[in-house]
Amino acid sequence: MKLLKLWKWYQDCLAVHPVKTQVISSGLIWGFGDICAQTITHTTAKRRRQIEDEDKELKINWRRVATTGLFGFGFVGPVGHFWYEGLDRFMRYRLQLQPKSFRFVAAKVAIDGIIFGPLDLLLFFSYMGFTTGKSVAQVKEDVKRDFLPALILEGGIWPIVQVLNFRCVPVRYQLLYVNFFCLLDSSFLSWIEQQQDAPWKQWLTSFMALKEKEGQGG
């Protein structure tokens, strides 16, 4: 019953204040996602005995939570709102594609994956670096380390999420659907950023660099 009331309240807010609702909900979702990421990172390190005894108890970095939440509040919410609304209008009225058709969905997924996805990752890792006081050179190194692994891993999941979104979810609820998966996405990105120079990242980056060299050599 409470969930139904919450859902009705959200629908009312979305109808009256669509941008404000998306901005606030995105900030809360991304902040909560960072708490999840910190919890996952701590639990994993604890199981592998990579933390000292005095650090066994989880201590949430609330400054980091606020920083991540501000990214959702300042970028994901407002930009995501106008992006998905504008993308839908572009497909319908400029390209005149039939809604929910194969071309309509495929074009949306492709444009979203080529433009918005990489931009979101680039800005997230850059933002998180600068907010911790790192220099431009250090942020560049962090982006080199984190961007490609995140892009590859997300590239295998996010298109499937968006196919279901653009094909099955009514336009007025597509942002809510995206925000739900942004909870998982923000947890994933925060976890990626906290992994720093993890061995799997180094392997993936070196593997892609090797493939690129082989391609140039061929």
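## The cavity and its lining

Three helices, α2 (18–47), α3 (62–94) and α7 (171–195), each supply at least two residues to the lining of the largest cavity. Among these helices, α3 gives the most, with five residues. Please keep in mind that this is a predicted model. A search of the whole structure finds one cavity of 30 Å³ or more, and the volume of the largest cavity is about 80 Å³.

## How α2 and α3 pack

Two packed helices are described by the angle between their axes and the distance between the axes. For α2 and α3, the angle is about 145° and the axes are 7 Å apart. The crossing of these two helices is right-handed. In the contact of α2 with α3, the residues divide into 13 nonpolar, 10 polar and two charged.

## Aromatic pairs around Trp30

A pair of aromatic rings is described by the distance of the centres and the angle of the planes. The count for this model comes to 14 aromatic pairs. One of them joins tryptophan 30 and phenylalanine 71, an edge-to-face pair with 5.4 Å from centre to centre and 65° between the planes. Tryptophan 30 sits in helix α2 and phenylalanine 71 in helix α3, so this pair ties together parts that are 41 residues apart in sequence. Are these two residues buried or exposed? Both tryptophan 30 and phenylalanine 71 are buried.

Tryptophan 30 also pairs with phenylalanine 124: the ring centres are 5.8 Å apart and the planes lie at 50°, so this pair is tilted. Here the partner comes from helix α4 (residues 102–131), while tryptophan 30 lies in α2, so the pair ties together parts that are 94 residues apart in sequence. Tryptophan 30 has a relative accessible area of 0%, so it counts as buried. Phenylalanine 124 is likewise buried, with a relative accessible area of 0%.

Most residues other than glycine have a negative phi, and most peptide bonds are trans. Against that background, the loop between α3 and α4 is worth a visit, starting with glutamine 96, which lies there. Glutamine 96 has a positive phi of about 55° although it is not a glycine. Its relative accessibility is 64%, over the 50% cut-off, so glutamine 96 counts as exposed.

Lysine 100 is found in the loop between α3 and α4 too. What is the phi of lysine 100? The value is positive, about 70°, although this residue is not a glycine. With a relative accessible area of 42%, lysine 100 is partly exposed.

Key. Residues are numbered from 1 along each chain as its sequence is written. This is a predicted model: local features need pLDDT of at least 70, side-chain atom pairs count only at pLDDT 80 or more; totals for chains, interfaces and linings use all residues. Side-chain values use heavy atoms; hydrogens and water are left out. On a 1 Å grid over the protein atoms alone, a cavity is a set of points where a 1.4 Å probe fits but cannot get out, and a pocket is an open set with protein on both sides within 12 Å along at least five of seven lines; lining residues have an atom within 4 Å of a point. Grid points are joined across faces, edges and corners, and a volume is the space filled by probe spheres set on the points. Helices (H or I, at least four residues) and strands (E, at least two) are DSSP runs, numbered from the N terminus. Rings of Phe, Tyr and Trp (its six-membered ring) pair if their centres lie within 6.5 Å; planes under 30 degrees apart count as stacked, over 60 as edge-to-face and the rest as tilted. Buried means under 20% relative accessible area, exposed over 50%, partly exposed in between (1.4 Å probe, protein chains only). Axes are lines fitted to C-alpha atoms, for helices over the stretch in contact, and angles run from 0 to 180 degrees between N-to-C directions. A crossing is left-handed if the near helix is turned anticlockwise from the far one by less than a right angle, and right-handed if clockwise. Ala, Val, Leu, Ile, Met, Phe, Trp, Tyr, Cys and Pro count as nonpolar, Asp, Glu, Lys and Arg as charged, and the others, Gly among them, as polar.
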